[in-house]
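Trainee: Please put the model up, and let us go through the domains, the backbone and the charged pairs in turn.

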Amino acid sequence: MKEKQTLAKLRQDIDAVDDHILELLNERARLVMQVGAVKTENRSDFHVPSREREIYDRLTAENPGPFPSEAVRGVFREIISASLALEKPLKVAFLGPNATFSHLASMQHFGLSASLSPERSIPAVFEAVEKGEAYYGVVPVENTTEGMISHTLDMFMESELKINAEVLLEVSHFLLSRTGRFEDIKKVYSHPQPLAQCRKWLAENLPNVPLVDVASTTLAAQIVAEDYTAAAIASEYASSIYNLKIVKARIEDQVNNFTRFLVVGRKMAERCGDDKTSLMFSVRDEAGILHRMLEPFAKRNINLSKIESRPLKRKAWEYIFYLDLTGHIDDPEVAEAVKELATCCQFVKVLGSYPRARQ
């Protein structure tokens, strides 16, 4: 009897805390609406990503526990997302359709209250942002298993949009079907990237089953929702959307299978102190040119986290380089290094400086 009374009292205390949290959330919402009114009056940007980063960093640093710090970030991401929606709907274009990994990355970064708009292709995402139909766009750029995604890199040749953020999403592939039984699977549908990322598992477990490329993992799930003899490789989220059963979870060949997404916008992101800068450049064909293009960064102890080359489509045997470095373009040493790099290049383009993502 005493145990029941203790449990009842604890639940009452929890209810009281929840009521107080709700009261504070509404108080915060009223303050946010006042901020929105001031921004409108001053014609200021209604979304300032650096301010969000400051909130996350401050709260996680001050968190005494036992509530986990990573959960603090998740909770406040949704609070901030809902608060922004009170000021103005934050429209975000992403490579659709819904339930793709780009959709999941958009929800992870912007929260569930953002207005997420699926687009048919990577160029369509860029176009939506360029035309002002969306405030930001989210596109995949590389996968730890399959490497860089060329369609995204190529878009920066034509677009003046800037990278505002990066999102790292752990990608887990699920084999889904209507029945949930291995023996019913006569063919497997998915996008070429997931099929490649699950190549070894498929060869070992479904060696004689045809693999069918389709435009997206969501389309694969839609097809399988109408076909009891097929399976789809898609996200766990897709199984709940399309009423599919999980045949096998996490069938990707690499354990740490991450996809990196870029958030593109019309303005350069502000410096936050833990930044990355991405560049695109083309060098002249000269002896020792590769050494010369890396020297400006080496002598300033600037870390290069990635360098990737792509053929220049307009001319055979010439290449565009994509480079990620630690620091912001407003950092004096980074600005000096890029200026020196330009002396041995045909052109240099800063794609953006943005907060470095955290896993």
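Trainee: What distance separates the centres of domain 2 and domain 3?

Mentor: This is a predicted model, in which local features need pLDDT of at least 70 and side-chain atom pairs count only at pLDDT 80 or more, while totals for chains, interfaces and linings use all residues. Residues are numbered from 1 along each chain as its sequence is written, and side-chain values use heavy atoms, with hydrogens and water left out. Domain 2 covers 91–171 + 258–262 and domain 3 covers 174–249, with bounds from an automatic or database domain assignment. Taken over C-alpha atoms, the separation of the two centres is 24 Å.

Trainee: How many residues does each of these two domains bring to the contact?

Mentor: Contact here means heavy atoms within 4.5 Å. On that rule domain 2 supplies 14 residues and domain 3 supplies 13 residues.

Trainee: Which residues of domain 2 lose the most area to domain 3?

Mentor: The size of an interface is often given as the accessible area lost when the parts come together. Buried area is that loss, computed with a 1.4 Å probe and summed over both parts. Between domain 2 and domain 3 it is about 950 Å², with 63% on carbon and sulfur atoms. On the domain 2 side, 48% of what is buried comes from three residues together: Ala99, Phe101 and Glu146.

Trainee: How many residue pairs are in polar contact across the interface of domain 2 and domain 3?

Mentor: A salt bridge needs a side-chain nitrogen of Lys or Arg within 4 Å of a carboxyl oxygen of Asp or Glu, and between domain 2 and domain 3 the count is 0. A polar contact is a pair of N or O atoms within 3.5 Å; within protein, one must be able to donate a hydrogen and the other to accept it, and residues adjacent in sequence count only if both atoms are side-chain atoms. With both residues at pLDDT 80 or more, the number of such pairs across the interface is 4.

Trainee: Which element gives the largest share of the side of domain 2 that touches domain 3?

Mentor: Helices (H or I, at least four residues) and strands (E, at least two) are DSSP runs, numbered from the N terminus. The largest share is 4 residues, and they come from helix 4 (residues 101–110).

Trainee: Which residue does Gly96 join through a cis peptide bond?

Mentor: Omega for this bond is near 5°. The partner is Pro97.

Trainee: What is the omega of the cis peptide bond between Gly65 and Pro66?

Mentor: Pro66 is found in the loop between helix 2 (49–62) and helix 3 (69–87). The omega of the bond from Gly65 is about 10°.

Trainee: Is Asn301 buried or exposed?

Mentor: Asn301 is not a glycine, yet has a positive phi of about 55°. Asn301 lies in the loop between helix 11 (289–298) and strand 13 (304–311). Relative accessibility is 74%, so Asn301 counts as exposed.

Trainee: How many residues apart in sequence are the parts tied together by Lys306 and Glu142?

Mentor: The two side chains meet in a salt bridge of 3.1 Å, N to O. Lys306 is partly exposed at 22% relative accessibility, whereas Glu142 is buried at 14%. Lys306 lies in strand 13 and Glu142 in strand 3 (residues 136–143), so the separation is 164 residues.

Trainee: Which residue forms a salt bridge with Lys349?

Mentor: The closest N and O atoms are 3.5 Å apart. The partner is Glu160.

Key: Buried area is the accessible area (1.4 Å probe) that two parts lose on being put together, summed over both. Buried means under 20% relative accessible area, exposed over 50%, partly exposed in between (1.4 Å probe, protein chains only).
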